[in-house]
Structure formats: C-alpha cells, structure tokens
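Student: Hi! I have a new model open and would like to talk it through with you. Could you help me get my bearings?

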Amino acid sequence: GCVLVVSVVEQLAQLHNSTVKAALERLCNYIPGKCQIICHMLCCIDREMNADVVCHSLKLCKQDPGQPLCHLYPPPQKSIAGFSNVCAFPVLDKLCEKIKYVIRNKLPFEDFDGDKFSTFPTLRGYHWRGRDCNDKNATVYPGRRPDNWDVNNDSNCNGIWGVDPKDGIPYEEKFCKGADSRGVVLLGDSAGAHFHIPPEWMTVTQMSVKAFANLPMAFSDELDWPQFSEFTGFLNSTIGGWTDSLYLRLRRRNRCNHRDLQNISQNGMLSIFTSFFKKKNSGLARNQLLDNPTIVVYATIGNDVCNGERDTLAHMTTPKQMLSNVVQALQFLNTRLPKGSHVILTGLVDGRFLWDNLHDRYHPLGQLNKDVTYSQLYSFLNCLQVSPCSGWLTSNETLRNLTSERASQLSNVLKEIARSEKFSNFDIFYMDFPLRQTAEQWRRMGGQPWQLIEPVDGFHPSQIAAALGTSITWQKALHEWPQVLGKENPFNSQIEAVFQDQGGH
C-alpha cells in the first residue's frame, strides 16, 4: 500500500512538472477531511527516493534476514529514518480500532438495539445487511415474519404495514401471506465482499477531488463494496458496470423480500474460518422460530488454495480438511436457519484466467511511463509474501496448473457434500463458479476478458463480472432449482402502488 501511494505522488510530480512536495500537497487537496492526515506520512519524500526507498525507510515494508529485498522499482540506494506504526497517528488510531472491531466480529459497529442490523451504512452497517427501520427495538429487523401482520408498525422493515381502509385487511396479510418470502445470506471471501480499489486512485491522469470523494466510505467498508456485489448488491454501481444481484432479483420476484439480505464475507476468508460462525455472538442474524427461511450462498472461491506463502502448495486446504470444515459449517447452519431454507455451495474458480489475460498488460501504476506490468506487480507481492494468490499470480506455469488442480479437487468435495449430506432445516445445491460462462457472454457483448478483473489488484472479479455472474446464477436456479427462488408474488405492482402513495422510498 505504501509503495502504491508513494508511486502516485512521484507520478503526479512528473505529470505536472512540479516538486514532490507540491505533488504531495496536490494529492492531499484531493483527499477529503480527516483522511488528509495520511499525507503527513510522506513528508520526507524527495526526488532522489523512489517508492521502495521511502516505504522500507518508514518500516512499512521490511526485509527479513536471509530473504531478498522486495522492490517494485530498481533497487533502492538511499534510506531515511522514520516510524514503524501507522496506527500511532492521531485519528488513525481510532479508525484502526474501529476496523479491528468490525473485522473481528462481523457485526455493525453502530447497532443500538443489538439485533445485528444498523441504520448506519459502513463499518458493517446496512451496506452489508438490510437497513434497520427501528434501531431502538430489537424485535424489529429485516427478515422476520410479521408481528400480527404488522397492523401497527413495520416489524420486518420491508415497508409494508398498516390496514387497507377499503376492506380492513392488513396490507402485510393481503400481499405477503403465503408469498414464499425469503432472504439471501452470503458467506464468502473478498470476492463476495466485492473488494475494489478505484483505479483512479492510482492513475495520475484521472485524479481529482471527485475521484477521492468516496475514500472515507471505502476505508470504513474495508475496501469492500457489498452494496454493489453479485449476491447482496442493492445500489446503482458507481465503480464501473452495473449492479445486478441475487437479492435484487429475489426482491423483484417478491416485493415482500425487501431489505432481507446479509453479506457475511471477509477479506481472506477460508473454509476453515467458518468456525467463527460457531461463536455465541455469530455474525449471522437468523432466528429459527421468528424469521423467514433464507437462501445461504457459501462461496469461498479461492482462498483455500490462495496464500502468500513461498511454499504455497503446502499451505493449501486439503480435500479432507475441506470436507470437515464445510460439514461443520453446515451443521452449525442447521441450528440457526429456519426450516425450508436452502444452501448453495459455490465451487472454486480456475484462477489461471488471471495470468493468461493480464500478465503482459500495464498496471494503472505503469500506464504513465509504461514501466509496471502485472507480471512485475505479481512478483513484487510474492516477494513480500502478501500476494493474494502466489499459486496463480506467478510466471511458473506448473505451479498455476497445480493450484487449479487442487481447486478442482476442493470443488469436487463441495459437489459430493451437496449430493450426499442431508439436513433437517435446508436442502443443499452445488454450482460451479461461472467464470467461463461469464467470459463467453462478455465476449459476445463485445468485451475483453481482462475487463472482468479488478484493475488495481489484478485478482478479484470486476463489477462487470459480478453483474454477469448474477445473470448466469439466476438462470441456473430458475431452470434447475425453482424451489430455491420461491414463487413470484402476483401482488408486486399493488405493493409498489401503495408504498409510493404512503411516501415510501
């Protein structure tokens, strides 16, 4: 991260033919509010120091004894004194603690009634799960079955409550009784959380105040954008492409499903980390007795084979471990999900697609001077042992093939679990990760494969890939598992009409 930021400052100086100090001031002026404090980290840059020099000197990058010096640019020649802890800065210390809290607990930072739903968007708030409509009452939250048909208040936050004056029948009873209502829950990794670093943050020719306006929001969402994601997206995308999601399609199918979504994903999630769901204070919000059934999508699509270790194969999840981890997670879900729920297990991706389509292209950092390709970036991250996937993001073709072979083995484990395991409160389905179908569909639309990958990290699915993946998943479910989606509500248009008459939004 430090190398990326310092590289941007240096390129700004080059683009505007200014001193590095002037370029740093320019960057600080782009950054909103209190986040400008970050700029002071870089006060000691001068023309003779490249990004590697600065970041090693600040001890934000380190060289272990006996290990190579990791660098993105020609090896550094000069060093300076610095500090060692970014979180020691005023303002940043509090932000660090907040981020640690929400990452550790997967729960909203601001939740006054403790029902795991919030009226605040970020820090695991309603960007991640349906917005609470009464944060002072723990019995009011998205996804519950209506209390007394919501005659007096909206107990499930779907916007449908009160009594029709024409016939005295509660709106919730009239429109939603027997409507097969259900929510969607995602248990996933950074792809499901929809990790994204805006490329305009790294491309000096595109920088502006507007480009950095969403920086505080992005950081307080862990650089994830679940509000645009493939499974729980609900807002119009501002990060390229368009938003389509399983939640939006379920909502269109049955308007009574409004706000019934939960994205319980984590950057770096492995199948083994699903053990955190066993905690008493689990991030999953579902009451077996009071709530509607739900569709749970289990999608850890890469991290069981992806790590930054030099001996990456030795650190991959084995088929035996995968079987144990997933079955334990399903056993836990059986104690929490209402009867009639469904679980979809998603297979792992074939990540050879990444190297094949990106390795010789220029990264946003390399576009100005044509000096940084994705191949170079991957090598730098592998050296630092912070690569999102050293088994796929490598020039070693044999290693890429072995990583895909292990991914296929783990997908087969999931497929067998879906075939053989039975649970009392839900049924299980399996689907392959639809990368190949997504690429084919995008080509038919005139697109290029590299556009399906996030440009800054060169690893995660882009907004376009997420939207196309939703379409493929939905069509598969519609034709093969119609019971998962529930029936279409014939009252949808009437619900919207009443909702608008009441001033809803």
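Tutor: Happy to! Let's start with a disulfide: Cys133 and Cys157 are bonded through sulfur atoms that sit 2.1 Å apart. Keep in mind that this is a predicted model.

Student: What is the handedness of the disulfide of Cys133 and Cys157?

Tutor: The torsion about the S-S bond of Cys133 and Cys157 is about -80°, so this disulfide is left-handed. Cys133 and Cys157 both lie in the loop between α4 and α5 (171-176), so the pair ties together parts that are 24 residues apart in sequence.

Student: And Cys133, is that buried, partly exposed or exposed? Which is Cys157?

Tutor: Cys133 has a relative accessible area of 35%, so it is partly exposed. Cys157 has 1% relative accessibility and therefore counts as buried.

Student: How many disulfides are there by this rule?

Tutor: The count comes to 4 disulfides. One of them joins Cys70 to Cys383, with an S to S distance of 2.1 Å. The link of Cys70 and Cys383 is left-handed, with -85° about the S-S bond. This pair links distant parts of the chain, 313 residues apart: Cys70 is in the loop between α3 (51-57) and α4 (92-105), and Cys383 is in helix α11 (residues 374-384).

Student: Are Cys70 and Cys383 buried or exposed?

Tutor: Cys70 is buried, at a relative accessible area of 4%. Cys383 counts as buried too, because its relative accessibility is 17% and the cut-off for buried is under 20%.

Student: Which cysteine does Cys306 pair with?

Tutor: Cys306 is joined to Cys389 by a disulfide, S to S 2.2 Å. With -75° about the S-S bond, the link of Cys306 and Cys389 is left-handed. Here again the pair links distant parts of the chain, 83 residues apart: Cys306 is in the loop between β3 and α9 (319-334), while Cys389 is in the loop between α11 and α12 (397-420). Both Cys306 and Cys389 are buried.

Student: Nice. Let's switch to helices. How do α8 and α14 cross?

Tutor: The axes of α8 (residues 246-253) and α14 (residues 463-480) come within 10 Å and cross at roughly 50°. α8 and α14 are therefore oblique to each other.

Student: Which residues meet there?

Tutor: From α8, Leu246, Arg249, Leu250 and Arg253 meet Thr470, Ser471, Trp474, Gln475 and Leu478 of α14. By class, the contact of α8 with α14 has 4 nonpolar, 3 polar and 2 charged residues.

Student: How many residues of α8 are buried?

Tutor: In α8, 7 of the 8 residues are buried, so the helix is largely enclosed by the rest of the structure. The buried residues of α8 are Leu246, Tyr247, Leu248, Arg249, Leu250, Arg251 and Arg253.

Student: What about α13 against α14, how do their axes cross?

Tutor: For α13 (residues 435-444) and α14, the axes come within 9 Å and the crossing is at roughly 110°. That makes α13 roughly perpendicular to α14.

Student: And which residues of α13 and α14 meet?

Tutor: Gln437, Thr438, Gln441 and Trp442 in α13 are in contact with Ile464, Ala465, Leu468, Gly469, Ser471 and Ile472 in α14. By class, the contact of α13 with α14 has 5 nonpolar, 5 polar and no charged residues. Ser471 of α14 meets α8 and also meets α13.

Student: Changing topic: I clicked on Asn292. Where is its place?

Tutor: Asn292 belongs to the loop between β2 (261-265) and β3 (294-299).

Student: Is Asn292 buried or exposed?

Tutor: Asn292 counts as buried, because its relative accessibility is 13%.

Student: What is Asn292 in contact with, leaving aside its neighbours within four places in sequence?

Tutor: With those neighbours left aside, Asn292 is in contact with Gly143, Arg144, Arg145, Ser181, Arg286 and Pro338.

Student: Last one, zooming out. What does the secondary structure of the chain come to?

Tutor: There are 16 helices and 5 strands in the chain. Of its 505 residues, 57% count as buried. Among contacts with a separation of 6 or more, 68% are between residues 24 or more positions apart. The accessible surface of the chain comes to about 22,100 Å², and 53% of that belongs to carbon and sulfur atoms.

Student: Great, thanks for the tour!

Notes: Residues are numbered from 1 along each chain as its sequence is written. This is a predicted model: local features need pLDDT of at least 70, side-chain atom pairs count only at pLDDT 80 or more; totals for chains, interfaces and linings use all residues. Side-chain values use heavy atoms; hydrogens and water are left out. Helices (H or I, at least four residues) and strands (E, at least two) are DSSP runs, numbered from the N terminus. Buried means under 20% relative accessible area, exposed over 50%, partly exposed in between (1.4 Å probe, protein chains only). Contact means heavy atoms within 4.5 Å. Accessible areas come from the Shrake-Rupley method with a 1.4 Å probe; for residues, only the protein chains shown count as cover. Axes are lines fitted to C-alpha atoms, for helices over the stretch in contact, and angles run from 0 to 180 degrees between N-to-C directions. Angles under 35 degrees count as roughly parallel, over 145 as roughly antiparallel, 65 to 115 as roughly perpendicular and the rest as oblique. Ala, Val, Leu, Ile, Met, Phe, Trp, Tyr, Cys and Pro count as nonpolar, Asp, Glu, Lys and Arg as charged, and the others, Gly among them, as polar. A disulfide is a pair of cysteine sulfur atoms within 2.5 Å.
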